[in-house]
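These are my notebook entries on one protein model.

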Amino acid sequence: MAHTRTDGPAERPAAWFRALIAGSALLLVAGVASGCAGGDTTLDGSAGQGPGEIVVGAGDGAESRILAEIYAGALRSTGAPVITDGGLGDRTAYLGQLDAGNVTLVPEFTGRLLRYYDPESTETEQDDVFEALSKALPQGLSISDFAAAEDRSALAVTSQTSGQLDLTTLDELVPSCSRSTAVLAPAFEADALPDLTGCTFAQTRTVDDDAAAVGELAAPASADGAVRVAGVTTASPDVSDADLVLLADDDHVFTAQNVVPLFRIGTLTEAQLKALNVVAGELTTADLADMIGQVRGGADSADVARVWLDAHL
């Protein structure tokens, strides 16, 4: 398979971030001068320093390409030479490239990555998922902080339906389930629906994409309270652009799916790890959905990411 590799210009960090990086660099120099081994610290406590080029890999989807460009730009802000290697295929393919050492880092989502490495895992709440993922990773791989940005599954209704039925949470949906229809997008976590206690939909159908699922919500609620509910994911631009209410999942029925970087241990410096954590503190679901929409509309992922990086780093 042909891979696309793109080099991007170094991003100019904000003054406070430049100062942070400079301070980290001085600490590293001081460590070497005193005879201490310099390097990065990872979740499992391993230390090491990765000289040379950093390769950020990406799968075929718009969200993977966007996130790869964002993490690559953050790493460039530390002065590191970074390239992106896109079009690596599905999850199995690009994780294989990471395992083989052909790429340094790939962007991922916590819940999907956990289920990949530990299919029997049952954690759904974001902190529990992150902790379980940290333990499930193969030797040689690590993760840094997860972002608020997420692409978790959610059940949605129109704002009109929400207002008519005072419907804002999954618990409030339960009494109407037996008379209602759930229209599910392909990426929706359908396997979790049985965990929604007391809710068995009269009909469940899977459609081609998020846009189709959202489109089927046009039918108004019936007199007996039956509704159409869309099963979607939160970072979909079709969802963020529609007038919808995502029903609150207070019991964490659906698995957390926060953005997280997965990387090879010993390849990133302390300053570079801090740059990844800056992304974690800045990237929101609304940001991600907007950027995915732009790329799907034909914009270049590197250009879209650069605008975000200029505003946040």
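**Entry 1: two helices.** In this predicted model, I looked up how helix α3 (residues 91–99) lies against helix α4 (residues 110–117), and I noted that their axes come within 12 Å and cross at roughly 80 degrees. An angle of 65 to 115 degrees counts as roughly perpendicular, and therefore I recorded α3 as roughly perpendicular to α4. I then listed the residues that make the contact: α3 contributes Arg91, Thr92 and Leu95, while α4 contributes Arg112, Leu113, Tyr116 and Tyr117.

Entry 2: I next traced an open sheet of five strands, whose order is β10-β9-β11-β8-β12 and whose pairing is mixed. β10 (203–206) and β12 (244–246) stand at the edges; each has a single partner strand, so one side of each is left without a neighbour in the sheet. From one strand to the next, I found that the twist averages 30 degrees.

Entry 3: For Thr158, I noted Leu244 in β12 as the bridge partner.

**Entry 4: confidence.** I recorded a mean pLDDT of 86 for the protein, with 82% of its residues at 70 or more. Over residues 1–50, however, pLDDT stays under 50, although the model has 88 contacts beyond four places in sequence for these residues. Where pLDDT is low, predicted coordinates should not be read in detail.

Terms used: Residues numbered from 1 in each chain as written. Predicted model: local features only at pLDDT ≥ 70, side-chain atom pairs only at ≥ 80, totals over all residues. Heavy atoms only, no water. Pairing = 2+ DSSP bridges. Helix = DSSP H or I, 4+ residues; strand = E, 2+ residues; numbered from the N terminus. Axes fitted to C-alpha atoms, helices over the stretch in contact; angles between N-to-C directions. Parallel < 35°, antiparallel > 145°, perpendicular 65-115°, else oblique. Contact = heavy atoms within 4.5 Å. pLDDT = per-residue confidence, 0-100.
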